[in-house]
Amino acid sequence: MAELRDYVVAESGAAKARESLVRMTLTHGNLQNTSFPELRLDRGEDVESLKMRIYRATGTRPGRMQLVMKTSKGNTVCRLEEGKTLGSYDPQDGFILHVEDVDEFSLSRGGWLDDTSLVDKYVMDEESYNKRAVSVRRFKEERQRALVEEAEGASQEGAVRELPQVGQRCVVSPGDRRGEVRYVGDDQGVGLGPGTWVGVRFDEPVGKNDGTIRGIRFFEDCPSRFGGVVRPSFVEVGDFPPEEFDLAAASDDDEI
């Protein structure tokens with residue numbers, strides 16, 4: 001029975017504690033951009049103590065603070081007087097507790113504590129900014145210049161160096177791997193990257209595929225590991241006779 005009594009008393013005590021709390025939104029006349037929603041306030045707290053807590057949060061001195069209780073729609077209910085408790089005014093969940101700061105020298109007066117538009121920003125003049133060795137503008141200009149030079153260099157290189165043609169003999173670096181050009185074109189949507197790619201059927205198993213990449217066939221008649229797809233800059237065409245390689249005699253240990 002004693003345990004049951006303790007349980008009931010504990011539950012009733014917790015319920016009373018919950019009933020003594022009220023959820024209110026705190027607003028401030030000088031802080032137009034700041035509010036404190038859903039504050040849990042004790043109905044039994046006296047107004048003097050409540051003002052002191054609000055002072056620590058907003059900076060308005062208790063002696064220069066007036067508290068006004070409003071409905072959730074902003075209609076004034078009453079003004080709170082010292083010597084009374086919050087609960088004596090019968091506050092309801094959702095009500096507003098509004099702070100009026102009557103101090104004409106208050107730091108928050110005119111929105112100086114929460115309106116950043118009132119703060120003067122440092123603005124550097126164009127001449128000083130352009131003299132800076134490091135700046136966002138200079139970085140963008142240098143980056144754009146590098147991209148233009150890179151594009152012009154690639155265009156000139158392409159004009160001087162012709163693309164390989166299907167059927168030509170070639171050697172592919174690194175490794176001086178000999179073979180025959182079997183494909184010249186884009187990556188067929190397999191994600192290798194933009195631009196031109198060259199498919200080569202090597203004379204020896206020094207490649208990475210059989211002419212197929214990610215399910216897409218670039219060229220036919222190519223055993224496993226005899227195929228490769230590379231950039232044109234790695235391919236040199238010319239008189240490179242085929243190197244003899246006996247595929248039937250190759251063992252598993254011979255493949256790399």
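1. Which residue forms a salt bridge with Arg217? The partner is Glu220, and the closest N and O atoms are 3.8 Å apart. A salt bridge here is a side-chain nitrogen of Lys or Arg within 4 Å of a carboxyl oxygen of Asp or Glu. Arg217 counts as partly exposed at 34% relative accessibility, while Glu220 counts as exposed at 54%. For those words, buried means under 20% relative accessible area, exposed over 50%, and partly exposed in between, with a 1.4 Å probe and protein chains only.

2. A word on the ground rules. This is a predicted model, in which local features need pLDDT of at least 70 and side-chain atom pairs count only at pLDDT 80 or more, whereas totals for chains, interfaces and linings use all residues. Residues are numbered from 1 along each chain as its sequence is written, and side-chain values use heavy atoms, with hydrogens and water left out.

3. Now the overall picture. The protein chain has 4 helices and 12 strands; these are DSSP runs numbered from the N terminus, with helices being H or I of at least four residues and strands E of at least two. Of its 256 residues, 27% are buried. Among contacts between residues at least 6 apart in sequence, 53% join residues at least 24 apart, where contact means heavy atoms within 4.5 Å.

4. Back to charges: the whole structure holds 12 salt bridges. One of them pairs Glu82 with Lys51, with 3.3 Å between the closest N and O atoms. This pair links distant parts of the chain, as Glu82 is in the loop between β4 (76-79) and β5 (96-101) and Lys51 is in helix α2 (residues 47-58), 31 residues apart. Lys51 is buried at 6% relative accessibility, and Glu82 is partly exposed at 47%.

5. Two further salt-bridge sites are worth a look. Glu45 and Arg53 meet through their side chains at 2.9 Å, N to O; Glu45 is buried with a relative accessible area of 12%, and Arg53 is partly exposed at 37%. Arg23, Glu38 and Asp93 are linked in a network of salt bridges.

6. There is 1 aromatic pair in the structure. Tyr183 and Phe218 sit edge-to-face, 5.1 Å centre to centre with 85 degrees between the planes. Tyr183 belongs to strand β7 (residues 177-185) and Phe218 to the loop between β10 (216-217) and β11 (227-230), so the pair ties together parts 35 residues apart in sequence. Both Tyr183 and Phe218 are buried. As for the cut-offs, rings of Phe, Tyr and Trp (its six-membered ring) pair if their centres lie within 6.5 Å, and planes under 30 degrees apart count as stacked, over 60 as edge-to-face and the rest as tilted.

7. Please also check Asp187, in the loop between β7 and β8 (197-202). Asp187 is buried yet has no salt bridge, and the nearest side chain of opposite charge, Arg214, is 6.8 Å away. On the charge count, Lys and Arg are positive and Asp and Glu negative, with His and the chain ends not counted. Leaving aside residues up to four places away in sequence, Asp187 touches Leu192, Gly193, Trp197 and Phe218.
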